[in-house]
Structures are given as C-alpha cells and as structure tokens.
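Visitor: Please walk me through this one, starting with the terms you will need.

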Amino acid sequence: MSLLGDIIDRVLFPNRELHVIPVLDGAFSPNQRLDQARQLGDEIERPDDIVLGQDGALYVSTGNRILRCTGDDFNKRTVFATLDGPVGGLACTPVGRLLACVSGVGLVALSPAGEITGKLESVGGEKIACPLSVTVAPDGAIYLTDGSRNNRPDLWLADLMENRAPSGRLIACNPSLGNVSVRADKLAWPLGVAVSPDGGEVWVAESWAHRLSAFSRAGEGRRVIVKNYTGYPARLGCGPNGEVWMAFLALRTQLTEFVLRERAFCDEMMRTVPSELWIGPVLDGRLNPREPTQIGRIKKLGIQKPWAPPRSYGLVARLDTRGLAVETLHSRVDGRVHGVTTVRPIGSRVLAVSKGRDCLVELPAGRGAEEG
Amino acid sequence: MKSLQRAWHRHSPQLFLGELLEKRWMEPIIPFTLTIAVFLAFAVMIPRYLTAGSLQELMRNFAEQGMVAVAMAFSVLSGGIDLSVGAVFAMSNFLALYLYLIIGLPLPVTFVLVVLFGAVMGAINGGLIAYGKTRPFLTTLVVLIIVRAAYNKVTVAFTNELASIDSGSSTWDFMGSGRVLGIPFNMLVLILLAVGTHFFLTRIKPGVHIMAVGSSRKAARHAGVNVKRVLFSAYVMSGAISALAGILYAARQSSSGTDTGVGWEINALAAVVLGGISLAGGRGTIARAVMGAAIIFMLTSGMVRLGISGNLTTAIIGIILLLAVGFNVKWVKNKGKVLQKVYVTPSWVDFEPPPSVERGSGTPFAENDRLKNAEAIALNMIEGPEDIILDRRDNLYTVNRNGSIIRFLAPDYTVREEFARIGGRPLGLAFDRDQNLLVCIAGMGVYGVKPDRSVFKVTDRTTRTRTRLKDDSRLYLADDLDVAPDGRIYFSEASTRYELTDWALDGFEGRGNGRLICHDPKTGTTRTVLKNLTFPNGICISHDGQSVLWASTWLCQINRYWIAGPKAGTSEVLIDNLPGYCDNINRASDGKYWLAFVGLRTPVYDLAMRNPVFRTRMVKQIPPDEWLCPGINYGCVVKFDDNGVVTESLWDPGGLSHPTITSVREHKGYLYIGGLENNRIGRVHLQDADPTWEAHKSYWGGA
Amino acid sequence: MTKSVHRKALAGIGLAAIVATAALVAAPSQAAGPRDQLREKFDKALKGKTVAWSPVWMGVLESEWTRVMKDRFDDYGIKLVTRDANFKSDVQLQTVSDYINEKPDVIVVQNPNVTLLAKELKRAMDAGIYVVQVNMASNTLTDAYVGVDAKDLGTKIAREVINQCGGGKGSGEIAILEGEATAAYSLDMKNGAMEVFKTDPSIKVVSSQPTSWDANKAGDITTTVLQQHPKLCGILSVWGPQTAGAAQALKAANMGDKVKVFVASDGQPADCDLLEQGAFSANLSYRADVQGQTIADAVIALLQSGDKPGAKNTAYYTTPAWVKSKDDRMYCFSIPKGAK
C-alpha cells in the first residue's frame, strides 16, 4: 500500500521534494576526529553557547548563569551573571556589551561588569519567549532568533516531536535594541544564525527543517543554501577567514522520522512517557536503562558498533563562504563528544561545547592530523 | 471495541497469509491461479464447456502439447534450451504413420523405433552441447532446421501414401481416441509422464542431477556430478518425450501436414516460462510446465470456440502471455520481499507499568552495584555464552556461537578446550543423572554429549499441530531445558515462526509462537506439552521436582506447569509484570531460583506493544537495524522463591561488563553469569550462600 | 401456438375480449393454400436450425463463402456458428470434435487434408449430424460435397499447359505449385494434371512442391526452380493467392514474359487483376460467391430431405470457366462494399 501511495504521490506531485535522510558521505563521511578534541578545564554543567568577549575572556552560558572563563585553557571560571531564566545564545557587540538569550525573557544586554543594561522582550506585541541565538553584524546590527511560539528552549525535544507548523522568527534590531522588526517568520527552530562572510546576508540554520537558508540583509530575498542535512543543525560560528562552523545537535534516524509520521503513537508517547525516554534525538547519549533501543544498537560481544543508529552523536562542520561543508569532525555512536550546540573559532583555536557531555573542548588542529 | 481489535490482532488473517506465502508450493501460485481462472472464465463464457464430452475433447487435444512442454522443460531445467522439440515431434508423427500404416511394421516395433529416433535426435543435441560445448540455442536451432527440412521433403515424397492412409488397428485407434475411466488415452499418458518425470527430477539421482546442473554447473561439478553426461541425458529425454508425443499425435490425427509441429517449440517455451520455470535453469517443476501449456492451450481453443478470428486470437494470446510472464517473473523474484512484508503479524499486548528499578526506589529490583566488580572468566575466549553450567569437578561448560560446547578447566578457568562440536547455535544446557550434558540447539533440536565427549541426538521433532498450515513438527528454536526427577526432559521452543537471528521479529509479534515440549528418554517419544506460549525461554524444574518453571520473555512472566502432585497437568502464572525480559531460570542454594533479565522493559516499547499497527508499519517502512526493540543492552539478575516473590537483584550498572544477561548459575558459593552476545563469563562471590552447594547434588542427590 | 389452442380459444365462452381478438388476428394462417403450406413446411424444416462451419482459415475465399451463407441462413432463421482454425490442423480437428459434442444440425467443413477429419466426419454423421464438405474433401464421403471437381480442374488446366508448352512449343519444362500436399483440392488437381502430362512426352514436370497456400513460400520455390531450370516454360499453380508470390518471383528474375503461369482459382478479384496485368497467362476460375450459394442450397436440401445423415452422398460440382482477358471479368466475383 505504501508503495502504491509513493507511486501515486510521485505521479501527482513530480516536483515534491523527497525529504529523506541523506547518507553521510562526501564532506560528511564519518571519522573519529571529534573524539580527539581536547577537553578544556573541568566539566561545565550543560553548557549551551560560548562567545569571546572584548576583554579576551570566554563567556559560557550554563543554566541560568553566564561563566567568565580566563586562563590558557579557560580553566579559571567565575560567575559573570545570573539571570531570570536559562541562558542560551550569546554574542558580543563591538563596544563590549554582552548579549544573552534568556528563556522566557528575551534578549538581555549586559555591561562588562555583568549588569543588565537593556532588554528586548517582545516584537510586534508578541513575547520573545524562546530566544535561541543572537549575532552581531560588523555594522552593529543585531540579529536574534526566536525558536518557536509553542515551547521554550529547554523543551526543544518536545518542539521537535510535536511536529507543529513552524513558528520561529528571525528578529533584527539596532545596537541599542531599538527599531525591532521580524525579518522572517515560520522558521522551524532557527537555532543557527550568523552574518555571512561577505556581510550581505544573514544565514539561518533551522534544526527541524534540516536546512540552511540565507536572508538578504538589504531586501526581502531568501534562498536555501543546503536543503537537507543528515542531522539537526545547531548554532553557526564565524571565523576570521570567512569560514563558518556549524554544529549539529544529533543525527536524524529513520525511527525518529517514522515516529514523527506516526502522530497518534507520538502523541501518546509524549503524554505518557518521560521525555528523556522518548524515541528521538538526545544530547548526552549516556545509557539510560529504560531508553528505547534499536536493533542496530545491541552490543555484540561487548562492543557498541559505531555505525549503529545514533541516539546521540557529535558532529561539527566547517562551511566555505558559499555555505557548503568542506570538512566535518565526528564523534560516532561509541564516541564521547556528543550533543554539540556551538562551535566557534576563538583566536587561532576552534572551541566547541558538548552540551550532552558537559564539557568545553578544543578541536584538533589542522586537517590530516587526525589520522595519526 | 478494544477486545474486538485485540481478537483481530490475535487471529489476524495475515498470519495465515504469511505462512501460506512461506510454503514452497506457493511459488507457482500465479500459473496455478491463471490456469484455474482461464478455465473458469471459459466455463462461464462458453456454453456446455463443462460437459464430459467437452472436457474429454479438451484433454485429448491438450495432451501432446503438454508433452512437448515437458520435453522443453527438461532442457530448460538442465540450464539449456531445446528448440528442436517441435520438429522432432513432427518427424516422429510422420515416422509413426509411415512405419505403421504405410510400411506396416508391427505397432510395438514402430513405437520403439520412433522413440529411438527421438532419443537419437536428443543425443545429437546433447552430444554437441555437452561434449562439443556448443551453445544450446544455436545447436538445437540447427537441428530444428535440418529435421524440419527433412520432414518437408519426406511428406512431399509420400504425399499419395499419406493421403490414402486409413485408420489402423484397434490398438492404434485406442491410442488415438480411446479412453480409460473417461480419461482420453493420450491424456493418461501425459499424466503418467508428468508424475513420472516429476519423481525422476525430484527423487531419483540422475534426475536430481539434472536439476543440480541447471542450478549451478560449477557447484554440481564440485559435488562430483558428471555434468556432461547429465546434460546429454537431459536432451535425450527431451527428444524421446517429443517423439512419444509425435506417436500419440499420429494415432489421433492420422495426418502429417505442413503445419504439424510448426511453432510448437515456441508454444512449449512460452509454457515453460509462463509456468515460472527459470530460463537460467534449475528452478521449476514439471507441473509448472504442464500448467503453462494448459493455459496457452485453453486460451487458444477457448478463443477459437468463442469464434474470435484467427489473427486476433494470436495477438490476444501474445499479449496475455507477455503480461503473465512479466508478472510471473516479478512474482518469483519478489515473493521473498512480499513475504517479508506480510509475515510479521504483531499482536496486541497490554502492560501495566512495572515495579521501579530506580536506584534507591526500595523495590527488590532497585539498581545496585553487586555485579560491578564481577571477575571476568574467559574474557575474549568465548563468543556468546548463552548458558553456562559446571560439572561435579567444577569444570565450566558453555556454548559458543560457532556451534561448539567449550569447557574451561577448574580451578582457574584459563585452559579452554572444545568439549564437543555439534553445529547450529547451542543455547540452554543441563546435566542429566548420568552426567550427560544436554543442550538445546537453535535450528537443530536437543542433543547430548556424553562424558566421553561423544555426541548423540535426543530429539529433533515433536507432534505437529494439525490445524496449522506451517509444518511445526521440526524443532525450530529449542532454547532451554531441564531434567525432571523421572528423567524426562522438558524444553522450551521459543518460537516456531522465527529463527534465533530474528528474535526481535518474534518480539514484535508478541504472539504465542512458542511451545513447552517434553521428551521421554525411556520411550524415546517427544510431545508438545503446552503450545501458543509467548517466547518460552528459561526452563527449571522446581526444587521439589513437582513443577516446571518457565519464563515468557516478551510477556515478562514466570509460569509454573505442574508435572506431579495434585495439580499435575495444570499451569499458572507465578510472577507477572516483571520489569525485565526473562531469560534462563536456575536453582539457587537457598531453595530459591535465579532468573536472568536479558533486558529491561522500556516505556516506549511497552507502548509499542499496545499498538500492533504501529509495529507492522515500522517493520514495513524502516530498515531492520533501525527497528525499535526490547532494550537488551542492560539487564540484571534477580532471585525469586516458590511463592513468586522476588527477593533481591544484582546489577552491573550501565551494563559495562554484562549487558544482555541470559543465564546465571550458582555453584559452590559463586554466581556465574553468561550473555548471548557477550565476550566473557562473569563470576561473583555470594557472601551468604552455601559454599558447598552444587546443582548436581540438588537434582540427583549424592555426596 | 398450435391449432388446437386456437380452437379452444374460439370455442371458449366468456373469454376476455383481448384473447378473442388475438385469436382472430391469428386466424388467417388456418386457411392456408398449398403455396403457404410449402413455406410453412420449409420454415419448419429450417427455422432454428444450427449450421456449424469450420474453415481452414478465414481468407478471402472463406470470407466470401461465409458472407453468402450468412445472408441466406439469416433469411431462413438458421444460426451459423463459425470457428477459424487459422491454418492449425490440430485446432481444426478440435473444432470439429467440439462441434460434434455441441450437436448442430449441419457441419460444413473445409478439410485441410484428406485424412485429418476423416474419422471425425464419420463420427459426426453417426451422431446424426449432416456433413457438407466444401471444395476440399476428405477420404470420408459425406452427405454432400460442394466445390470443384479438382481432378477435372487439373485435367483442364493441364491441357491448356500442353497447348502452350507441349508438343515442342518451348522447353516443355513445367513446375507445379501445390497447395497443401495432402489436401484433396491440391492432391487431386495435381494427380489429374499428371495423368494428362503423361500423354505428352515433351512435357517434363521439373518440380512439384507444396506451398502451404503461402505466397512467400511459392515465391521462394519459384526462385529456386528458375535457378535450376532457366528454360522453364510454364508454372501450374493450384490456387490464385499463392501464385501471386510466384508471379512476383518471375518478375524479379525478369522472366515474367518467358514463363507462362496457369492458375486454377476461386475468382478472387485479385486473380483477375493479376491476369489483366499479365502476371497470369490463364486462370481457370470458379466463383466463390456462387459456391457460397451452392453450399447454402446443399444445406437447405439436406435439412428438407428427411434423410438420415450419411444415407446418401450427393455432390454439387462447381463449373469453372477460363479467364484469359479483361473480357472474362465476370468469372471473378467482386467483394461487396461493407463486407469484411
């Protein structure tokens, strides 16, 4: 029956895009390079985003707090600010102000001393309850993404599994958080936002739509750069030489996609089962005895196969100025750097936070060093 | 409503369909249905089609075409083709008329000579193909052309004689138009020929060799088959059968026209292909060739009887054949896929939320660290020790996934030796009174190894379920066993629908596919004690010897079946709604029982078990590696008593050393742990256990 | 309705007016004159009868027969069943066997050869079915034969051949194109011709081969014969359509005017066309439409005869006529427009 349905579908809608999961190949060919990443300092509890301040310190969002990290490996950590809700995306303005996305609040601007100097709480009369990421253009303009009108950032999984019509927004404002406008609406959890290397566009990565789009900063134009990723794209980070780094929350699996289609089952699962035990992507991937298992994940002779269907995964990609991946680093099913939410070039290094495994890591340098 | 749905999923017609498709005789289902359909269609369209006279005429006219199709089938099954069948048939027809009616030779002599002629023609084909290594297509095409040309010459040369022949003896007329029990003589010959050749090809060595050579010439040669002689014989058979058809045709028609046998090789080939016989050889049966021929014949004769013009008839038959052959080829190719999609038939299983296994939850199942420091025995020296057992000298026996029984010698278990090699996938182990090691072997049955290491078969079949389409008399997946005090062996067959590698599919079904079987060594008989059990796994005779405890893996239950005492013959659920999937059960030193949890229940899987349609779609839509399955990456060991009360549990947190625990054995104060997919055997010391207790004493007494 | 029923209807008192009226309308048939009685007897003998017809195939000739028969039988209320064997003798044998099972009143059959249906035709008559054989007879004599006297045809055509090729005129080399070697039509015609040829020692029959009624095969045979016997004088062919292939082959070999073609045929329009084009030298023609009428007549006669099937063997020989020029066109029939 489903075959017949497919055929009819193909005949009636020949141009309909088939949103199947792409195979990991080309630049996305699996490797173990992300597992070679060096952990910097102690564990940080569920870090979400990092940004380099004008003062040379690294700011890390974790829980309701922002940590200020200094030292060679950013291992001296002090609490920079504590806010009214979980902190997500961070950005630093050219004048040294820190911008933080605070769940349920909106965008908060902080002085170098950690005092709140401004807030952007709504646009067009609608609250910005699910701010995900923020970025600052070279000219000072601020771009902020709001993930969804239904859920706050910490309910990201629920937002995915509910599979509702996309309701995320791309919001722009000036350096003083004024002149606010919605630049794009109906985005599917736009977790990644960055100004393009040429400065002319804003790139937005939508996690649930598995795509990377570019919005013209000057006009209305929108184009899709990559329409279908194997994973759920997370934040974007810009480097000094025009490269852009993209993190992935996890990989899509056939089972998750199947359950997303099985609405009745999915709804009942969400109603009756704790969220950490749902079928769906997770960030940490450490065994929970009661989590759902897939056949391919059964250990054979005590070994977890790296190619098993991934419940969690570590993946970051380096994109060229056109937005196409040129290099990827993986931490496969048996790896340890999973659930990366952010990867950013910091000085000459590239740092990433593994929210799943509670750590800040430095990616191995250079290409080819990995095979060693 | 819900109970209706449940009943539907319990007795789903899909179950029947799946087992039906699995049958080997379902392969020719398309030609078979088509034969019936064509017959019925004409029976409806043509008045008096079903009268005895009409049916007799149909049979009489069909017989020779059927035989030529059989002749063609021989060559095709051998991996070649014989295009000369039509010409040999025609020539034989002429020869029979000539020798018997014109020259006047006796009928038996005529018969022998004509069949000999066919055999010689076949020998020419076969000789060139088998020994000269020529291509069958071209070789037989050349023979076709030569024989046909000769036929045309001789029929012209004997025109006046052929024109003046009159019917011969009564025997000759009987061959042409006689009937035996209402069946025309030639049809009777066809039936005997078809049955005979079927047996020849399936039961008799030279015939089986033809099939073998057709399947794979190379493999046949390696198996010691004389490929050349076999090929030669196939063509000789083909020629002789064509000649036989020619004689019967002569007796019936008494004429030898220019059209005799023209195009019959094409019809025969079409029949063979329509019947689903693979042109690559080796696959198909004689019955299929006859069915294919019957379809073509009925279409031709039926359309003539409907008064459709000749050319149109030819065109229509061409189109029908094309469609049927196309569909048939697809069917033969994709039957496996269809079966795969239809076979899995999930049922509806309702679960209550299980007791908590959370650390500190206070239940006997609460996670702890008691197996964390289990000592690893035989690390990386064993693959998949599903079950383990220790003998009276403390040697440790276990099963390996390559089909052997491995022994590790006491006291330090570092010396590994292959105790016996049986094959299959050995699973559950038990010692009988005489210290024979009995083992359940998936795919084979129950076997035993004597202390002198000689292997013997205990049983490999049981009583067949009469109401079931699938033949379940063979043991499919014998899983675990134990020996009752009277020596009878009770063992579980986990599933009669799936093999061990497909255990997850059985899990999706959650259906009573398994059995509890009893073998009595005294009488040598095996009988099914309980059937329709949902994955019966671990088997243990209770301490008092009065009952068999058996674990249902997918239902997370421990059941008790009484074999002695007042309740003998009845069964009851001892423990229900366990938080894990039960595997092997074994006696503990304190009068209780050890139970291995192969995995833990997960809320999502429990939910899926309530939703058969979801599981069906999952199996159809996503690849096997992605299927949701019971969580068997993490299990534990629990202990329960005869009242069904679970008293304690032992955990290896995170399942680092012991994921998938399938068996636990207590022996002299230690607990030994085995796992279906593990690379080690674990051992922990039990603080408060009797350090002298061993299972053999518990079962059979003695010092 | 029978007469007694009418009488009762008339005699009945208090019958509904409508019944009386119906009876009155039907009444005139009662007072029948002798001519009316004849028609009544005719209808009684023919109406509702079934004629089963088994041609070798449905060519131009057979279609014409069928058309004419159908016209007549429809008029008389006779049902005509036709099954086309399309040159497959096994199919035709089966067809006749089926007919016998189905018990029609008359079987009309064109035999593909003299032996194939011989037994079955006898069986048919034994089963109480009249059998009419058309143009191509079998070894069994049946109630009626309608068609040419093939032997006579062969004699006549052979004489014409001798006229033009015998007695030292030309080489005297003659090729015979048979139809189906064991078909009565071909066999008898050839035998008739051979008897005549024996009377003239200058005639040499260099080839006599069957064509299976096929123009292509006739063309191939002709080409071969011409290569072996370049001095060939004449071709005697038993049937028109196959001869078209021979004429083609002659033309291709540039022998069209050297080799004379003698044909016996059923008067198909194409035969006369070919003769007018000069492809045939002489055509001994009989008309298929006339034969069709005769078949119908024979059937009608049998149905009215009251004889037991197989009791008598009657023959209705067709009279042929020479077609040698445009003026003889009337000996070919023309296919009515709208006929298949």
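Guide: Two residues are in contact if their C-beta atoms, placed from the backbone, lie within 7 Å. Helices (H or I, at least four residues) and strands (E, at least two) are DSSP runs, numbered from the N terminus. The model is predicted, so that local features need pLDDT of at least 70 and side-chain atom pairs count only at pLDDT 80 or more, while totals for chains, interfaces and linings use all residues. Residues are numbered from 1 along each chain as its sequence is written, and chains are lettered from A and ligands numbered from 1 in the order in which they are written.

Visitor: Which residues of α9 and α10 in chain C meet?

Guide: On the side of α9(C) they are C:Ala215, C:Asn216, C:Ala218, C:Gly219, C:Thr222 and C:Thr223, and these meet a group in α10(C) that includes C:Pro241, C:Ala244, C:Gly245, C:Gln248 and C:Leu250. The residues of this contact between α9(C) and α10(C) divide into seven nonpolar, eight polar and no charged, where Ala, Val, Leu, Ile, Met, Phe, Trp, Tyr, Cys and Pro count as nonpolar, Asp, Glu, Lys and Arg as charged, and the others, Gly among them, as polar.

Visitor: And at what angle do their axes cross?

Guide: The axes of α9 (residues 215-228) and α10 (residues 240-252) of chain C cross at roughly 40° and come within 7 Å, with axes taken as lines fitted to C-alpha atoms, for helices over the stretch in contact, and angles running from 0 to 180 degrees between N-to-C directions. α9(C) and α10(C) are therefore oblique to each other, given that angles under 35 degrees count as roughly parallel, over 145 as roughly antiparallel, 65 to 115 as roughly perpendicular and the rest as oblique.

Visitor: Staying in chain C, where does Ala158 lie, and is C:Ala158 buried or exposed?

Guide: C:Ala158 lies in helix α7 (residues 150-165) of chain C, and because C:Ala158 has 28 C-beta neighbours inside 10 Å, C:Ala158 counts as buried. The rule is that a residue is buried if 20 or more other C-beta atoms lie within 10 Å of its own, exposed if 12 or fewer, and partly exposed in between, again with C-beta atoms placed from the backbone. Leaving aside its neighbours within four places in sequence, C:Ala158 is in contact with C:Gly192, C:Ala193, C:Val196 and C:Phe197. The C-alpha atom of C:Ala158 is separated by 9.2 Å from that of C:Lys190, which is 32 residues away along the chain.

Visitor: How many residues does each chain give to the contact of C with B?

Guide: Chain C gives 33 residues and chain B gives 29 residues. On the side of chain C that touches chain B, the elements with two or more residues are β2 (79-82), α5 (89-102) and β7 (204-210) of chain C, and the largest share, 10 residues, comes from α5(C). The residues of that side divide into 13 nonpolar, 12 polar and eight charged.

Visitor: What about B with A?

Guide: There, 34 residues of chain B are in contact with 30 residues of chain A. The elements giving two or more residues to the side of chain B that touches chain A are α18 (603-609), α19 (612-621) and β22 (628-629) of chain B, and the residues of that side divide into 19 nonpolar, 10 polar and five charged. Strand β22 (residues 293-294) of chain A runs antiparallel to β22(B) and is joined to β22(B) by two bridges, and two strands pair if DSSP finds at least two bridges between them. In that pairing, A:Gln294 stands opposite B:Leu628.

Visitor: Now chain A: in what order do the strands of its open sheet stand?

Guide: The order is β20-β21-β23-β24 in chain A, with antiparallel pairing among the four strands. β20 (231-238) and β24 (325-331) of chain A stand at the edges with a single partner strand each, so one side of each is left without a neighbour in the sheet. The twist averages 20° from one strand to the next. Within this sheet, β21 (residues 244-251) and β23 (residues 314-319) of chain A pair over five bridges, and A:Ala247 has A:Val316 as its bridge partner in β23(A).

Visitor: Last topic, which strands does β27 of chain B pair with?

Guide: β27 (residues 681-685) of chain B is joined by three bridges to β3 (residues 375-377) of chain B, running antiparallel, and β26 (residues 670-674) of chain B pairs with β27(B) over four bridges, also in the antiparallel sense. β26(B) and β27(B) form a hairpin with six residues between them. B:Ile377 has B:Ile681 as its bridge partner, and B:Tyr670 has B:His685.
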